[in-house]
Amino acid sequence: MGKLFAAVVTVITLVSTGIFIMRVWWLPQIISAHGASIDRQIMETMIAAGVLFVSSQLLLSLFVWQSSDTSRQRKIKTFPGGATPMVIFAVVLVGLEVLAMTFVGSKVWASVYMTPPDPDSMVIDLQTGQFAFYFRYAGPDGKFGTLHPDKINEGNQNPYGLDPANDIASRDDIVVGTMTIPVNKPILLTMHSKDVTHSFYVPELRIQQDIVPGMLIPLHFTATKTGRFEIVCTQLCGLGHYNMRAFLEVVPQDQFDQWLKTQSQ
Ligand SMILES: [Cu+2]
């Protein structure tokens with residue numbers, strides 16, 4: 001029985017590692033300027049964790065194999081000093097590895113989150129609510145109108161709570177359900193939620209950011225490839241969560257200018 005268990009553990013270890021090495025299920029293409037450094041970090045984490053995983057599983061099946069002899073004549077082997085030194089050694093080893101990965105990973109994280117946005121960025125104001133994403137552009141005046149939570153009304157297409165009757169800056173604000181951006185242009189998102197926590201996730205951008213109600217969350221990135229990509233909410237935010245998604249359209253600058261013109265008419 002012990003030998004069978006050892007064999008099963010070995011097979012599971014090799015097959016699951018093979019799935020990763022052959023990249024059967026893998027990340028989609030990268031379309032952001034910072035994406036490659038995120039992938040490099042994921043790879044380093046995979047390799048570090050993978051080496052520990054494979055060696056510990058194979059060691060486990062070796063020990064099980066060796067100890068499967070239950071006959072009376074078997075020699076009982078013990079580790080010198082008992083199990084305690086082994087456990088301490090393992091905890092320290094794994095602890096050091098996690099610590100090292102944190103230090104290495106924090107650099108990549110900081111390069112995305114701790115750097116200021118490009119002063120030339122285009123600002124898009126993103127609002128989430130059960131169960132939709134809305135995107136707001138400042139319009140020709142370059143100014144966003146003030147938000148009035150009491151004026152929010154999905155029924156009359158005022159999801160942001162704008163007040164065009166009194167607020168001149170809000171009159172030309174463009175509110176749409178699809179995020180269109182020019183390629184190679186730094187984008188600054190200012191994100192907020194009107195009800196519960198949602199999340200902005202675009203796998204191709206290598207960005208996943210929670211949007212917490214009561215907070216204004218800035219996030220900047222530059223898309224480097226054109227195309228249509230899915231934006232999904234990855235926080236379980238209610239009954240309609242499964243259906244909460246939008247699209248990101250990355251287009252050439254001239255096409256974007258054209259699009260913006262038709263929107264502001
Ligand atoms: Cu959501």
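In the predicted model, the four donor atoms around the copper ion subtend angles of 92 to 122 degrees, and the arrangement is therefore tetrahedral. For four tetrahedral donors the ideal angle at a metal is 109.5 degrees. The copper ion is coordinated by ND1 of H198, SG of C233, SG of C237 and SD of M244, at 2.0 to 2.5 Å.

Along the chain, the donors of the copper ion are spaced as H-x34-C-x3-C-x6-M. H198 belongs to strand β6 (residues 198-202), whereas C233 is found in the loop between β9 (227-232) and β10 (245-251); the pair therefore ties together parts that are 35 residues apart in sequence.

H198 has a relative accessibility of 0% and so counts as buried. C233, at 6% relative accessibility, also counts as buried because this value falls under the cut-off. Burial extends to the strand that holds H198: four of the five residues of β6 are buried, so β6 is largely enclosed by the rest of the structure.

Strand β6 is joined by five bridges to strand β7 (residues 207-211), and the two strands run antiparallel. Within this pairing, V202 stands opposite I207 of β7. The strands β6 and β7 form a hairpin with four residues between them, in which R206 adopts a positive phi near 60 degrees.

Technical notes:
Residues are numbered from 1 along each chain as its sequence is written. This is a predicted model: local features need pLDDT of at least 70, side-chain atom pairs count only at pLDDT 80 or more; totals for chains, interfaces and linings use all residues. Side-chain values use heavy atoms; hydrogens and water are left out. Donors are N, O and S atoms within 2.8 Å of the metal (3.2 Å for Na, K and Ca); water is not among the atoms, so sites may look incomplete. Four donors count as tetrahedral if all angles lie between 85 and 135 degrees; four count as square planar and six as octahedral if opposite donors are over 155 degrees apart and all others between 65 and 115; anything else is irregular. Buried means under 20% relative accessible area, exposed over 50%, partly exposed in between (1.4 Å probe, protein chains only). Two strands pair if DSSP finds at least two bridges between them.
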